[in-house]
Amino acid sequence: MHELLQFRHSPYNEKVRWVLDLKRIEHRRRSLLPGPHLPVVRRLTGRSQTPVLVHGGVATDGSAEIVAWLDAGNAVPALMPADRVQRDEVLRIQRWFDDDLTPRIRRPILAALLANPRYFARVFGEALSPIAQAAYALVVPLAGPVIRKGNGITDDAAVNDGLLAAQEALNFVAERSIATGYLVAASLTLADITAAATLATLVRPADSPMACPQPVGPAFLELMERFRAHPGAAWVRSIYAKHRLAKRDFEGPSGAQY
Ligand SMILES: N[C@@H](CCC(=O)N[C@@H](CS)C(=O)NCC(=O)O)C(=O)O
């Protein structure tokens, strides 16, 4: 049995969850909280980042590595096009999002969430009891400086650069999907999953594992509103409606809360 150690609100974790769900790979999930996750993840990988997939006592981190490994062992449905040029393009888009756009886009998102520790605790601690969520909300302001530093939230310019990256990513998916509805081929590939999982952290498609706990905190609502009417946001919602079969996240064995 695979175990995914995850953050609930995270583009890289959502990418891996999506692939696990799409390929119907049996697994359990354990949600960690930013801050308290550090000793747990360090013990497994020697680093700090989620997602971490544990299988047969071996822990793997890095969403691209995890997805490539899952794809190699579970061919159906295919995530990569048969055509070599298109395959290279899928990997290029994944790298562009993973290494450049996504880390920038998450800065304004985390800044908005950190502005309201109780809402931050609800987003990341959705599976916790109300008392445990309230306790985590007290810890969030203490973990805040570490989270800001780790995500490059140094000043307003860093946050504004993230807004530009969001605009760039939304423009890209809107333009690229005009011909076929997809970014590279005439059907869903890892490029669509990577881009949609990143942008879902802003768009928060309803009825999906990335839907927001309600009511949404004011700073985060303002951020979401900024991009709601963008054609790229409409693309994210439509890809989620067509291809993100799971309606919500779950803890424990797979299928428990579909
Ligand atoms: N390149 C990595 C990035 C993973 C990443 O940045 N994960 C973030 C959550 S979005 C994380 O776990 N941050 C906590 C930390 O680094 O301590 C991947 O593709 O998995």
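1. Arg24 counts as partly exposed because 13 C-beta neighbours lie inside 10 Å; the class falls between buried (20 or more other C-beta atoms within 10 Å of a residue's own) and exposed (12 or fewer), with C-beta atoms placed from the backbone. Arg24 lies in the loop between α1 (11-22) and β2 (27-31), and has a positive phi of about 50° although it is not a glycine. Helices (H or I, at least four residues) and strands (E, at least two) are DSSP runs, numbered from the N terminus.

2. The model is predicted: local features need pLDDT of at least 70, side-chain atom pairs count only at pLDDT 80 or more, and totals for chains, interfaces and linings use all residues. Residues are numbered from 1 along each chain as its sequence is written.

3. Asp207, in the loop between α8 and α9, is another non-glycine residue with a positive phi, here about 60°. Asp207 counts as exposed, because it has 12 C-beta neighbours inside 10 Å.

4. The loop between α8 (190-203) and α9 (218-227) also holds Pro215, which is joined to Gln214 by a cis peptide bond with omega of about -10°. A cis bond also leads from Thr50 to Pro51, with omega near 5°; Pro51 is in the loop between α2 (37-45) and β3 (52-55). Most peptide bonds are trans.

5. Helix α6 (residues 130-150) has a kink of about 50° at Ala143, shortly before Pro145; the bend is the angle between axes fitted to the seven residues ending at a residue and the seven starting there. Ala143 is buried, as are Tyr136 and Val140.
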